[in-house]
Amino acid sequence: MATPLTRHAIVVGSGLAGLSAASQLIANNIPVYLLERSVKPGGNSIKASSGINGAPTKYQPFPDLAFYGDTVKSVGGIISTATERREGLIKTLTDQSASAINWLVDEKGVDLSVVAQLGGHSLPRTHRGAGKLPPGAAIVSTLLKTLKESPDFHLETESIVTRVIKENDVVDGVEYTLKSEPKVLRGPVIFASGGFGGDAKGMMSQYRPDLAAYPSTNDARPGSQNLLTSVGAQLLDMEHVQVHPTSFVDPQDVLNPVNFLAAEILRGEGGILLFDGKRFVNEMGMRKDVTEAVTQLPAEDDLPKQWHVQIVLDAGVHKKAATHVDFYLWKGLMRMTTVGELAERFPQTAEKTIREYCDVVAGRKEDPFGRKTYGSWETHEVTMDTIIYVGRVTPAIHFTMGGVVINEQSQILDADEKPIKGLWAAGEVTGGIHGENRLGGSSLLECVVFGRIAGDQVSEMFRVS
């Protein structure tokens, strides 16, 4: 086994939580080793396409003091358990959301000037840039570029942590393999290793066997929470798994168990969902509610378990979300067609449904499903030649709300609810913030807020010692 190296901070995982932690450490002149198990850095964060929440910010069209309340509502009835801890984490998340946006915009130079309203939110607060690069990729690439300019930053990909080292009740490093070569690093550890949404045969089968047959938006890989429980970490909310209502079914590879996310922004900007040519849900409801509405319908495929739902956009939605839609068109996940073509497949329902939705958007009637916002949908009058954009979508495992228990300082807690010395966590590897349902846009936010806190906490530990 390799000889332990000079003391420094260790960050496990190179998604946005890990990069945010590393950024704070480097800003405080603390050397960092960032260990990433994949070939390329960025984790799931680099694929995030809808944006990052923040309130109140200078980009929002009107005052927003409802973020905390919306988040508590999204958490659901589980807020009645471990209430004080949950409320503390949610307050930290929402209170520091505006400063997270400001940090990315003012200090890092990320464009987050476009704001949209996603499902479950009472106001527009999900930020993304005006350019072609999706928000996750824009933020991750910016932070990575800045970090790589520092001689104190060391990125090691294809590095799999195999053990957390704990001696005399203090975590003091990790054992890992670097391209199969055993290695050891000593120092305080921040875990930002993500969730277990791609661990279908392991942790998903253990905690949610009913979902093991669902497709996932996550690449297949094991969860890492067990590394932390081995040194005393506690778990919370492991049974709460977010099944995103819309992932694309690739028409060229229908039974692939890994699906590409159909971003929330498609519905936020006005898109609708059809089954047999008819709407069946308020598309702006919380992810949990939309998913439940889909799964009450007859499924089409058994393995993976998939439904045949169409997502339908008009030209206005396409223009507003062109970066997303054009990419999906290029990938073959969506196609441009006409109302007439869709009506040929669903002759009794499709044209009537779209016409009725246009009447709702135009203010000529109330929406029967209670939808109140329609984004950028611009079509008010329908003909058979009206252009629409259509793709097949189905629910897929997207995010795991459960994970290790942390406090507002990102410290991992043991069975006595005391911090485990030398060990912090941020991002999807943690539990307690989102409860039964995560709001769209709060995953990237959680990574920035708690990743920065963890980085600052470790920096302070070095300063004091």
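Tutor: Buried means under 20% relative accessible area, exposed over 50%, and partly exposed in between. Keep in mind that this is a predicted model.

Student: Is Cys358 buried or exposed, and why?

Tutor: Cys358 has a relative accessibility of 1%, so this residue counts as buried.

Student: And Cys447, buried or exposed?

Tutor: Cys447 is buried, because its relative accessible area is 7%.

Student: How many disulfides does the structure hold?

Tutor: A disulfide is a covalent bond between the sulfur atoms of two cysteines. Here, a search of the whole structure returns zero disulfides.

Student: Which class does Phe327 fall into, and why?

Tutor: The range between the two cut-offs, 20% and 50%, is called partly exposed. Phe327 has 31% relative accessibility, so this residue is partly exposed. Phe327 sits in helix H11, which spans residues 322-331.

Student: Which residues form a nonpolar patch on the surface?

Tutor: Residues qualify for a patch with over 30% relative accessible area and no salt bridge. In this model, Phe260, Phe327 and Trp330 form a nonpolar patch on the surface, and together they have about 350 Å² of accessible area.

Student: Now the strands. What is the order in the open sheet of three strands?

Tutor: The order is S3-S5-S4, and the pairing is antiparallel. Strand S3 (52-53) and strand S4 (114-116) are the edge strands, each pairing on one side only.

Student: How many bridges join S3 to strand S5?

Tutor: Two bridges link S3 with strand S5 (residues 126-128), and these strands run antiparallel.

Student: Which residue in S5 stands opposite Ile52?

Tutor: His127 in S5 is opposite Ile52.

How values were computed:
Residues numbered from 1 in each chain as written. Predicted model: local features only at pLDDT ≥ 70, side-chain atom pairs only at ≥ 80, totals over all residues. Heavy atoms only, no water. Disulfide = S-S within 2.5 Å. Buried < 20%, exposed > 50% of the residue type's maximum accessible area, 1.4 Å probe, protein only. Patch = residues over 30% accessible without salt bridge, like charges linked within 9 Å, V, L, I, M, F, W, Y side chains within 5 Å. Areas by Shrake-Rupley, 256 points an atom, 1.4 Å probe, with all protein chains shown as cover. Salt bridge = Lys/Arg side-chain N within 4 Å of Asp/Glu carboxyl O. Helix = DSSP H or I, 4+ residues; strand = E, 2+ residues; numbered from the N terminus. Pairing = 2+ DSSP bridges.
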